[in-house]
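Hi everyone, thanks for coming.

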Amino acid sequence: MCGVVGIVANSPVNLSLYDSLTVLQHRGQDAAGIVTLDEGNFRQRKANGLVSEVFQQKHMMRLKGNIGIGHCRYPTAGSSSAAEAQPFYVNSPFGIALAHNGNLTNSRALKEKCDSIFRHVNTSSDSEILLNIFAGRLQDITGCRRKPTAEDIFETIRGVNKDISGGYAVVSLIIGSGLVAFRDPNGIRPLVLGHRKDEQGRDEYMLASESVALSICGFNLVRDVEPGEGIFIEENGTLHTAMCAENAKLQPCIFEYVYFARPDSIMNGVSVYAARVSMGTNLAEKIKREYSHLNIDVVIPIPETSCDIAVQIARILGVPYRQGFVKNRYIGRTFIMPGQKQRKKSVRNKLNPIPAEFKGKRVLLVDDSIVRGTTSGQIVDMARESGAEAVYFASAAPEVRYANVYGIDMPTVKELIAYNRTNEEICELIHADALIYQDIKDMENAVRAENPALTSFEESVFTGEYITPGVDEEYFAFLDQQRSDDAKADKAWKDSNESLEIYNI
């Protein structure tokens with residue numbers, strides 16, 4: 001999962017890009033980058049680390065220009081090497097920079113296509129492959145002999161959409177032209193469009209993964225970029241849009257609402273906060289129907305995504321809501337940690353219980369989801385160690401039983417705690433006295449409540465049903481090689497040695 005942003009303005013955009021990435025930091029904590037366009041040249045800064053670590057005052061001063069794009073990432077399948085920080089750049093045709101949120105499911109075939117048209121891909125990132133596919137298409141259309149028109153760019157996007165498969169939201173800069181953005185034909189990955197007027201009344205535009213990035217920079221949310229839609233904004237602020245995919249259908253990733261997105265964002269016409277409150281309502285009603293015998297004394301969230309859900313559960317059940325854990329806000333999201341030992345250590349560093357809220361009580365712990373179960377089991381243990389009489393566990397999402405292939409770095413299926421296990425077996429593994437999962441229809445209805453037009457979702461991690469072609473056993477075998485803990489440990493070792501080699505030159 002990553003965060004992307006692009007701005008076309010009439011004054012320097014470096015600080016707005018920086019501010020946007022800071023509020024999108026939850027979408028990627030591995031690396032960050034900004035590219036601006038100034039007097040026909042790209043200005044770039046990217047590196048591993050948090051946004052605040054990557055960009056210092058000297059970097060910001062060099063990032064001149066009134067148009068730019070930014071990116072924050074964690075690696076979905078590839079390496080964590082600094083070489084794979086985005087945006088990526090190619091010099092032909094014209095000079096193109098590109099940043100991408102998502103994952104291409106046919107990246108191996110696309111790599112071969114790049115080789116066949118003599119476009120070299122230097123990293124294992126599918127985003128660099130996407131850039132070269134885009135650049136190759138644009139070169140075929142323009143022949144590098146003329147400045148591309150809006151129709152040239154839209155025709156390029158149409159060709160790219162035919163070439164690639166998966167979930168993707170893209171922002172790109174073309175020297176001499178402007179900013180390009182497009183979204184996959186299923187609208188799996190989010191992308192929103194914002195607008196404002198400058199002091200002279202001139203138009204300025206912004207695109208971002210989440211609406212919260214727009215508001216922090218003073219842009220008004222216009223709408224979501226439609227599935228399969230292409231957007232081209234000239235350097236002078238002229239906006240062009242076109243549908244660039246056949247049979248486009250909105251099927252957004254439902255896990256955005258469960259976990260990834262900030263609660264103050266609006267996606268596809270749905271307030272993330274309101275969706276989570278509705279999830280709490282539906283889960284509470286299930287508890288009242290099927291688990292009234294538990295005699296719950298207190299509801300405690302596992303911070304922070306589940307807090308809004310837990311408040312609603314406590315209200316409907318008529319029991320106290322308490323903050324039983326103190327969170328260290330400077331620890332990253334643990335389910336994306338590269339190894340089991342590191343995740344176990346991080347959970348203990350990340351959360352510390354308040355014993356008085358547990359002692360002698362029958363506690364309902366509420367989390368947004370259960371993925372590997374490593375975190376859940378340790379938190380249940382901490383509640384018991386703090387004196388809880390009984391510990392029940394509720395998940396606002398159904399059982400995560402299948403791999404995600406559209407841009408969320410979930411483990412291989414064999415590392416998922418719910419894979420081939422019953423509710424009772426999972427409950428035993430996390431050491432809980434009872435385990436309650438949200439029903440999938442209740443989760444869907446919670447999101448759909450604010451936008452009934454959302455007739456379907458990308459929810460393959462719960463159902464095993466994938467909405468794009470080519471997701472088969474061969475592809476899953478490839479994913480296993482990329483995503484297992486052993487594979488990540490090997491990549492981390494190679495990345496650390498790569499850094500040593502660079503510094504020893």
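Before we start, a word on naming: helices (H or I, at least four residues) and strands (E, at least two) are DSSP runs, numbered from the N terminus. Now, where this comes from: it's a predicted model, where local features need pLDDT of at least 70 and side-chain atom pairs count only at pLDDT 80 or more, while totals for chains, interfaces and linings use all residues. Residues are numbered from 1 along each chain as its sequence is written, and side-chain values use heavy atoms, with hydrogens and water left out.

Okay, the prolines. Find the loop between β4 (67-73) and β5 (88-90), and you'll see Pro87 there.

Next, two asparagines. Asn268 isn't a glycine, yet its phi is positive, near 55°. You'll find Asn268 in the loop between β14 (266-267) and β15 (270-271). Asn420 has a positive phi too, near 60°, and sits in the loop between β20 (390-395) and α13 (423-429).

So which of these is buried and which is exposed? Buried means under 20% relative accessible area, exposed means over 50%, and partly exposed is in between (1.4 Å probe, protein chains only). Asn268 has 6%, so it's buried. Asn420 reaches 65%, so that one counts as exposed.
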